[in-house]
Every structure is written in C-alpha cells, then in structure tokens.
Amino acid sequence: MDWDFLTDVFQQLLGGVPLTLQLSLMALVAGFMLAIVIASAASSRYRLFRWIGNAHVEIFRGTPLLVQIFLIYYGLGQIPGLRQSVLWPFLREPYWCAILALALNTSAYTAEIIRGALQAVPANEIEAGRACGMSGLLLRRRVTWPIAIRQGLPVYGSEVILMLKATSLTSIITLIEMTGIAHKLISSTYRVMEIFAVTGALYLTLTFLISLAFSLIERRLQRHLAHRRN
Amino acid sequence: MSVIAAELSTQASAIATLGLRKSYGEIEVLKGIDFTAREGEVVSILGASGSGKSTFLRCLNLLELPSAGSLDIFGERVKLRLGTSDPRIADRKQVDRLRTEVAMVFQNFCLWSHMTVLENLMEAPVHVQGRNQAEVREEALSVLERVGLTHRVNAYPAQLSGGQQQRAAIARALVMKPRVLLFDEPTSALDPELVGEVLKVMRDLAAEGRTMLIVTHEMAFARDVSNRILFLEEGRIGAQGDPQKLFAGGVSDRFDQFVRRFNESAVR
C-alpha cells in the first residue's frame, strides 16, 4: 500500500472539511428555522396554511436532492425576472444555491420530526401543566418543548448525519468540498479506489463524531430513563 | 345539627356552581348542578361511571369548560364566554391564577417525566407563582417529608411505585399552597396494596381542616373521612348530605341502590 500517497490524499481532502461543515451547518440552521415555520403551518387551524405546510413536506421529501440542486442552480437562472432581482447576486453563486437546496430539503424532514415529537408529548403531562396555572409560552417552554426535544433528538441526529453526507452532492455544481477535491485528485491521478476509500473514511470519521455528540446529549437528557438502560 | 356542620355553615363558600351544565355535542354529561363547598369541608363525590362526577370535578378548575351555568371560586366569578357550541375562557390570567388556588390531583399522577420529584414540586411555585427558589425548595422538602418521600427527592417519576408517584403528585399540589384540593379518583390506578399509603396522606390532610373535593370509589374513605357526600346520577345531583346518615340507608333509595350494587360487585 502506498502510504505516502494516502497521506497526501488525506491532507488534501482535509482542506475540503471546512466547506463541508460550513454547508451542513448553514443548511441545518436555516432548515431548522424553516422547519419550525412549516411544522406550525402544517398543524395550523387554517386549511390554507395546513395545505402549504403539507405540500412543502411532500415536495421536498418526495423529490431527489440532486434534482432539487439542479433545479435551483440551473433552473432559477432561466427565470428572467429573477436575473434582475436583488436575489440574483446570491442565486448565481453555486455556494448559496447549494445551501438553499440543502436547507429546503432538510426543512421538510425536520418539520416531520418536529411534528412527530410534539405529537408524542403525553397529553396528561401538558394537562398537569395547565392544572398548575401554566399556559401559552410558559407551558411550552417548561413542559411541551423539553419533552418534545427528548422525543425528537435521536431522529434529528440521523437527519444531521444525512445532511453532512448530502453535501457531497454539491460537488456536481462546482463546489470544491471533500467530494469535489476527491474528483479533482482522481482526474489527475486515476487512482479511484484509494482516493474514494480515504474520502469515505473521512466522512465516516465526521459522522461518527456527530453520532457521539448526539448520544452524549441524549444520555444527559434521558437521565430520567437511565434505570431502564440496563 | 352536629357541631362540625354548624361550624361549617358559617364558613365562607370556597366553590359554588349554579346551573352548571356540560355537553359534548349532542350528549349532555352535566344537566345543571347547583353545589356549594364551604371552606374546610371535605366532600366525596360518588356516582356510577358515566354519572359525570369526573367531568364535574374537572370543570371546577376549568380543565373542562362548562357549556352553561356559573362557577364562583372564593366569591370570584370565573369569566367564561359561554352560549356558543365552543365555550372559551374569557380571562386567561384569572384562570391561571385560580388554578394555583384550586389544585388538582389526577388519577394517573401526571408527574412531569423529565423532572425529578423535587423539580416537579418546585416547578409551579417558582415559574407560575414567581416565589423565591430557595424558600420553595425548603418547603418542597418539608412537604416531601410529610408524605414520606424524603429518600426519593432526586428520583424521576419512572423510578417510583404508583403509590409513591401519587404521593409526590399530592405533594406537588400542596407546595402551591392551594386553598382547595381536587382529587380525581386518586387511588383508582393503584395496585390494591398501594392504596392505603395514599389514603393515609389524604386522611391527614382532611384532619388538618383543608377544603377537599374527592371523586372516589373508596366507600369506607368517603363514609369515614368526608363531611359530605355528593352523589351524582346521570348528570344530576341524586343525593347529598351527611355521610353517616346516607350510608345508614333510608335517606335516598337511589343512593342505597348504588351502594348495594357497589358492594355486590366488590364481593364478586
């Protein structure tokens, strides 16, 4: 095995880690905020809002992320009005298009996670809060959300890992993140197997760290069930 | 009239309902209840299942909203928007405040699963009533000592037995310093051998002269501990009065029938 070559590849790929992390983080933060709006819309009293929320989830969950990336990067540029708008300086950049596509995609899944987590909050614990004089934001802040977070966190951990891996698709629209660098190295060396093996290992390291972080948080939040673990 | 009854009749009214009705769509569960509980009174609410006794109790701290009628708590009229098919609370702040004065103990304990026993107790006093955290803590610990849970202060609800959970739930209600305690079948979800420890706590509270309204199936408890029985039947008051007299029989045929049926099913 050519350790020198592998080490060299590894070092070059490390240069793509910041962009990979940046894309994931920006998309996750924006996607999470959008997901809160979408989840509230989907459980709204008004039919129109419910319809919009559900349509958003169905569309972005039901189409491939790669298609979404293409549509946003290549498709939006063909709308004449958009090219004159204030948004164009952003939308012509592959970087912002990638974040937009990733954010929209994760927002659909995250909205479903939020909805499920809120539904899983036992009604009687909310009722106990009401019976003690809690209502509105106080009730949500002290009872509903803390319990919902505990329900939703494990699933959201998977979503974060999925997002990190999904950033590899953005190499298609010229972003030089980890997979983009791997492609470049292959086109100059043709050593496909070794380069992708190192790339895969690097992704695995990152996702493993995320996994670890989530299980630490979970362990802390699930103290009330600790006795069941054994 | 006994001495206790004479004393009570001079006490101010704690909870008073007038013409209280509750319907779910077409079904009317409560068909006009006129009822007054005086301060210091312990009232057991009895009735067959479906008689509306739990619904009535839940109306008293507005977990269910009545469809018609009025509810006064310590002389204060609860502001409700009635008259439509969808009754609403008119003054959220008033209801939130009154709920800390009329505390509820549930059949299924309903402790917050993600908080320790002590956190459960401190939650409402600190975050709803805005009381000093250190003081509330002291008080919570002393209430826990009263209900015999000193050794489980930092346990989570899932680590407790049913009886311990219900005692913690009673303690949670007590720390709010409520003026009335409502109990909604507090021993019905417990294994038979755990019922006693909860009833003992409730007996002690009654002996302190607290105002308590208890929906229960514990006939002996109702007879020996309460000052008054409220017997509901199909959404109406079927009978009410002194427990000893009512249980002696001959006052109300329907109540006698209910007790007889209850005893038969208990033997079986």
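Two residues are taken to be in contact if their C-beta atoms, placed from the backbone, lie within 7 Å. Helices are DSSP runs of H or I with at least four residues and strands are runs of E with at least two, numbered from the N terminus. The structure is a predicted model, in which local features need pLDDT of at least 70 and side-chain atom pairs count only at pLDDT 80 or more, while totals for chains, interfaces and linings use all residues. Residues are numbered from 1 along each chain as its sequence is written, and chains are lettered from A and ligands numbered from 1 in the order in which they are written.

We may begin with chain A as a whole. Chain A holds 11 helices and 0 strands, and its pattern along the sequence reads α-α-α-α-α-α-α-α-α-α-α. The C-alpha trace of chain A extends over about 70 × 55 × 25 Å along its principal axes. A residue is called buried if 20 or more other C-beta atoms lie within 10 Å of its own, exposed if 12 or fewer, and partly exposed in between, again with C-beta atoms placed from the backbone. By this count, 31% of the 230 residues of chain A are buried. When contacts in chain A between residues at least 6 apart in sequence are considered, 75% join residues at least 24 apart.

Helix 3 (residues 47-62) and helix 7 (residues 94-119) of chain A pack at an angle of about 120°, and their axes are 8 Å apart. Axes here are lines fitted to C-alpha atoms, for helices over the stretch in contact, and angles run from 0 to 180 degrees between N-to-C directions. Angles under 35 degrees count as roughly parallel, over 145 as roughly antiparallel, 65 to 115 as roughly perpendicular and the rest as oblique. Helix 3 and helix 7 of chain A are therefore oblique to each other. The crossing of helix 3 of chain A past helix 7 of chain A is left-handed, a term used if the near helix is turned anticlockwise from the far one by less than a right angle, with right-handed used if clockwise. From helix 3 of chain A come His56(A), Val57(A), Phe60(A) and Arg61(A), which meet Leu104(A), Asn105(A), Ser107(A), Ala108(A), Tyr109(A), Ala111(A) and Glu112(A) of helix 7 of chain A. This contact has 6 nonpolar, 3 polar and 2 charged residues, where Ala, Val, Leu, Ile, Met, Phe, Trp, Tyr, Cys and Pro count as nonpolar, Asp, Glu, Lys and Arg as charged, and the others, Gly among them, as polar.

Helix 4 (residues 117-127) and helix 6 (residues 162-175) of chain B pack at an angle of about 30°, with their axes 8 Å apart. Helix 4 and helix 6 of chain B are therefore roughly parallel to each other, and helix 4 of chain B passes helix 6 of chain B in a right-handed crossing. Val117(B), Asn120(B), Leu121(B) and Pro125(B) of helix 4 of chain B make the contact with Ala168(B), Ala171(B), Arg172(B) and Val175(B) of helix 6 of chain B. By class, this contact has 6 nonpolar, 1 polar and 1 charged residues.

Between the chains, the contact takes 19 residues from chain A and 22 residues from chain B. On the side of chain A that touches chain B, the elements giving two or more residues are helix 8 (123-131) and helix 9 (136-166) of chain A. The residues on this side of chain A divide into 9 nonpolar, 5 polar and 5 charged.

A nonpolar core is a set of buried Ala, Val, Leu, Ile, Met, Phe, Trp, Tyr and Cys residues joined through C-beta atoms within 7 Å. The largest such core has 114 residues, of which Ile45(B), Leu182(B) and Leu213(B) touch the most other members. Helix 7 of chain A supplies the largest share of this core, 14 residues. A second, separate core of 8 residues includes Val9(A), Leu13(A), Met178(A) and Ile195(A).

Some loop residues complete the picture. Val121(A) sits in the loop between helix 7 and helix 8 of chain A and is partly exposed, with 19 other C-beta atoms within 10 Å. The C-alpha atoms of Val121(A) and Ala148(A) are separated by 5.9 Å, although these residues are 27 residues apart along the chain.
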